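Please keep the model open while reading.

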Amino acid sequence: MSKCLIHIHSGPDLKNKVTLGMLVAITAFKNQNDVNIFLAADGVHLLNIKKEGEVVGQGTGDLKSHLDFLKENKIKLYVSGMSAKARGYDDSLLNGFNAEFAMPDRLLILSTEADSTLCY
């Protein structure tokens, strides 16, 4: 089992990039890897997607379905507190997720502990 960190800093406007990042995270989890996801910059907007069909990648799935899988499987999410605050989000953004706000030092720790870090 490997430790994987998926760092997503792209927003929902980059549909293929963000759905690919989530798909890779889910695939790693399904292959019994230890997975952490860190959302920063415009990536924090991803947790605000509420409807299927809103963000769909070409061959990389529906973001809402990916988010539902993360919730159901309690996959750990770290969300940049500074990025969220700068974009007008509060604690309610994390509702239903196994998530917490984190600072850049947490991202550094996660990246040094991971066997691989993938950025989207």
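Which residues in H1 meet which residues in H2? The model is predicted. On the H1 side, the contact is made by Thr19, Met22, Leu23, Ile26, Phe29 and Lys30. On the H2 side, Leu63, His66, Leu67, Phe69 and Leu70 take part. By class, this contact has 8 nonpolar, 2 polar and 1 charged residues.

**Helix geometry**

Two packed helices are described by the angle between their axes and the distance between the axes. Here H1 covers residues 15-30 and H2 covers residues 63-72. Their axes come within 10 Å and cross at roughly 35 degrees. The crossing of H1 and H2 is left-handed.

H1 has 16 residues. From first C-alpha to last, H1 reaches 22 Å, close to the 22 Å expected at 1.5 Å a residue. The buried residues in H1 are Val18, Thr19, Gly21, Met22, Ala25, Ile26 and Ala28. An α-helix has 3.6 residues a turn, so residues three or four places apart point the same way. The cover over the buried residues of H1 includes H2 and the strands S1 (3-8), S2, S3 and S4 (61-62).

**The aromatic pair**

The structure holds 1 aromatic pair. Phe29 and Phe69 form it, edge-to-face, with 5.9 Å centre to centre and 80 degrees between the planes. Phe29 lies in H1 and Phe69 in H2, so the pair ties together parts that are 40 residues apart in sequence. Phe29 counts as partly exposed, at 29% relative accessibility. Phe69 counts as buried, at 19%; the cut-off for buried is under 20%.

**Accessibility of selected residues**

| Residue | Relative accessible area | Class |
|---|---|---|
| Leu67 | 1% | buried |
| His7 | 13% | buried |
| Phe69 | 19% | buried |
| Ala41 | 28% | partly exposed |
| Phe29 | 29% | partly exposed |
| Gln32 | 63% | exposed |

Leu67 is found in helix H2. Its relative accessible area is 1%, so Leu67 is buried. Leaving out residues up to four places away in sequence, Leu67 touches Met22, Leu46, Leu47, Ile49 and Phe97. One of these, Met22, is also among the H1 residues that meet H2. Leu67 and Leu93 are 26 residues apart in sequence. In space, Leu67 and Leu93 are 13 Å apart, C-alpha to C-alpha.

His7 sits in strand S1. His7 is buried, with a relative accessible area of 13%. Neighbours within four places in sequence aside, His7 is in contact with Phe38, Ala40, Leu107, Leu118, Cys119 and Tyr120.

**Two positive phi values**

Where does Gln32 lie? Gln32 is in the loop between H1 and strand S2 (34-39). H1 is followed by this residue, Gln32. Phi of Gln32 is near 65 degrees, a positive value in a residue other than glycine. Gln32 is exposed, with a relative accessible area of 63%.

Ala41 also has a positive phi, of about 50 degrees, although it is not a glycine. The loop between S2 and strand S3 (56-57) holds Ala41.

Conventions:
Residues are numbered from 1 along each chain as its sequence is written. This is a predicted model: local features need pLDDT of at least 70, side-chain atom pairs count only at pLDDT 80 or more; totals for chains, interfaces and linings use all residues. Side-chain values use heavy atoms; hydrogens and water are left out. Axes are lines fitted to C-alpha atoms, for helices over the stretch in contact, and angles run from 0 to 180 degrees between N-to-C directions. Helices (H or I, at least four residues) and strands (E, at least two) are DSSP runs, numbered from the N terminus. A crossing is left-handed if the near helix is turned anticlockwise from the far one by less than a right angle, and right-handed if clockwise. Contact means heavy atoms within 4.5 Å. Ala, Val, Leu, Ile, Met, Phe, Trp, Tyr, Cys and Pro count as nonpolar, Asp, Glu, Lys and Arg as charged, and the others, Gly among them, as polar. Buried means under 20% relative accessible area, exposed over 50%, partly exposed in between (1.4 Å probe, protein chains only). The expected span of a helix is 1.5 Å times one less than its number of residues. Rings of Phe, Tyr and Trp (its six-membered ring) pair if their centres lie within 6.5 Å; planes under 30 degrees apart count as stacked, over 60 as edge-to-face and the rest as tilted.
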